Amino acid sequence: MQRSSLFASYYKDTPYWWDDAPRPQIDTDTTPASVEVAIVGSGYTGLNAAIETARGGRSTLVLDAEDAGWGCSSRNGGQISTSFKPSFDSLEKKYGAEKAYAILREGHNALQWIGEFVERENIDCDFNACGRFYAAHNARQYELLEKRAEEQLPGLEVDCHLVSRADQASEIESDLYHGGIVFNSHASLQPAKYHLGLLRTAQDAGTKIATHCGVDNIERDGAEFVLHTARGKVRARDVIVATSGYTGSLTPWHQRRIIPIGSYMIATEEIDDALMDRMLPRHRVYTDTRKLVVYYRASPDRKRVVFGGRVSLAETDPRISAPRLHDQMTNILPALRGTKISHSWMGFVGYTFDEMPHIGQHEGLWYAMGYCGSGVSLASYFGMRLGQKVLGLSEGETGIDQTRFETRPYYFGKPWFLAPSIHYYRIKDKLNL
């Protein structure tokens with residue numbers, strides 16, 4: 001298909017998820033002059049923290065420079081896992097065996113918690129414990145997946161089963177892979193609908209929401225903080241920074257520790273039911289073992305394929321990234337070569353130098369951020385725990401408490417090292433290493 005004809009006549013450069021869950025219009029002409037808890041950022045972290053503090057009796061205000069949930073919380077792929085990227089061995093060398101276990105256990109806790117939370121709060125977000133097919137891009141990677149399944153650590157086991165290349169068609173119609181592994185408890189949801197459910201839950205708990213109300217400065221004033229916003233000053237006893245991939249110069253200490261990485265997504269036009277059932281027969285979520293990760297799934301109604309990945313060395317226009325994603329998608333799923341793109345968009349993932357999230361307090365400011373691509377469950381879970389910390393509850397203690405939130409010399413928020421790193425990984429993937 002010619003590049004010029006890749007786009008459907010109704011193409012949009014906004015997230016597909018917004019069609020069913022548009023960003024809410026919130027009347028916030030005024031903001032309170034004083035609250036007990038002020039939260040910067042209205043995504044999963046900020047809203048889950050707000051639900052806890054508001055239900056705990058604290059007057060709570062959430063501020064955002066854009067519409068509520070405009071960032072990654074309504075732009076992601078809606079995939080949910082137990083994922084912590086560091087291995088037990090690497091964490092053990094750094095923190096010891098007990099702490100390594102506690103860190104990795106939090107990923108399991110987050111996955112279990114979010115399913116229970118969505119059900120308990122009756123959030124309509126197409127939550128589905130569908131399982132994940134993690135595909136091996138070469139035979140060596142399949143052997144490593146076999147080893148991973150056989151050598152799980154007690155207490156950190158994951159319900160999974162291997163799928164050989166011979167049986168791969170039962171999971172995906174593709175000749176690219178060499179088999180894979182299914183993680184049966186991994187799940188999916190519609191991220192923008194989930195965010196709207198969180199927003200309503202937070203508001204029902206008494207949280208005030210101020211959108212299009214950016215915070216320009218935070219200064220300490222005795223036992224309180226003063227936030228300078230687009231609508232005037234707000235005093236708060238506690239301040240939570242919940243900006244992750246959108247962390248900027250407002251909080252330079254956090255900015256030096258968060259790497260904003262652009263992730264790009266497309267949605268296809270509606271496709272035939274029979275094709276979808278043949279191509280992705282089990283309605284799972286999908287990723288593979290390549291260094292430059294791609295992630296994809298059927299939409300909740302199984303009418304479209306939603307596909308994402310990292311396709312640019314520098315941030316670019318979603319209309320430019322869309323054909324590149326289409327190439328990657330059809331390399332995996334050749335049956336989609338004649339299928340057009342209906343939506344293309346991008347957002348920023350908050351990455352960290354040690355590839356794990358962090359939670360805590362610095363110079364009086366509370367924070368949780370850096371979910372490294374697994375933010376649906378981790379941002380929600382650690383946002384909840386952060387709210388409990390602000391309330392002074394022992395339940396707020398987590399396995400990642402007191403871990404070093406690292407930075408690097410000469411890094412001040414602009415990841416100059418990304419382009420060579422991505423180029424290196426792209427070469428490794430092309431060489432099938």
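Me: Which residues of helix α2 (residues 88-95) are buried?

Reply: Phe88, Leu91 and Tyr95 are the buried ones in α2. These three span an arc of only 65° around the axis, so they sit on the same side of α2. The arc is taken from the directions that lead from the helix axis to the C-beta atoms. As for the cut-offs, buried means under 20% relative accessible area, exposed means over 50%, and partly exposed is in between (1.4 Å probe, protein chains only). Before we go on, keep in mind that this is a predicted model, in which local features need pLDDT of at least 70, side-chain atom pairs count only at pLDDT 80 or more, and totals for chains, interfaces and linings use all residues. Residues are numbered from 1 along each chain as its sequence is written, and side-chain values use heavy atoms, with hydrogens and water left out.

Me: What do the buried residues of α2 pack against, and which exposed residues are on the face turned away?

Reply: The buried residues pack against α3 (97-120), with contact meaning heavy atoms within 4.5 Å. Asp89 and Lys93 are the exposed residues on the face turned away from the buried side. Just after α2 comes Gly96, with a positive phi of about 95°. The names follow one scheme: helices (H or I, at least four residues) and strands (E, at least two) are DSSP runs, numbered from the N terminus.

Me: Now a pair of helices. At what angle do α1 and α9 pack?

Reply: Helix α1 (residues 44-55) and helix α9 (residues 375-390) pack at about 35°, and their axes are 7 Å apart. Axes here are lines fitted to C-alpha atoms, for helices over the stretch in contact, and angles between N-to-C directions run from 0 to 180 degrees.

Me: Is Thr45 buried or exposed?

Reply: Thr45, in helix α1, counts as buried because its relative accessibility is 5%. Beyond its neighbours within four places in sequence, Thr45 is in contact with Ala242, Ala368, Tyr371, Ala379 and Gly383.

Me: On to strands. In what order do the nine strands of the open sheet run?

Reply: Strands of a sheet pair through backbone hydrogen bonds, either parallel or antiparallel. In this model the order is β1-β17-β13-β16-β15-β14-β5-β7-β6, with mixed pairing. Its edge strands, β1 (7-12) and β6 (160-163), each pair on one side only. From one strand to the next, the twist averages 25°. Two strands pair if DSSP finds at least two bridges between them. For example, β13 (residues 259-268) and β16 (residues 305-309) run antiparallel and are joined by four bridges, with Ala267 opposite Val306 in β16.

Me: Which helices should I look for on this sheet?

Reply: Helix α4 (residues 139-150) lies across β5 (132-135), β6 and β7 (180-183), at about 155° to β6. Helix α8 (residues 318-332) also packs on the sheet, and the strands it touches include β1, β13 and β17 (341-351); the direction of α8 makes about 95° with that of β17.

Me: How do strands β2 and β12 pair?

Reply: Strand β2 (residues 34-40) pairs with β12 (residues 232-241) in the parallel sense, over six bridges. Ile39 has Ile240 in β12 as its bridge partner. By contrast, β11 (residues 224-229) runs antiparallel to β12, with five bridges. Finally, three bridges join β12 to β19 (residues 365-369) in parallel, and Val241 has Tyr367 in β19 as its partner.
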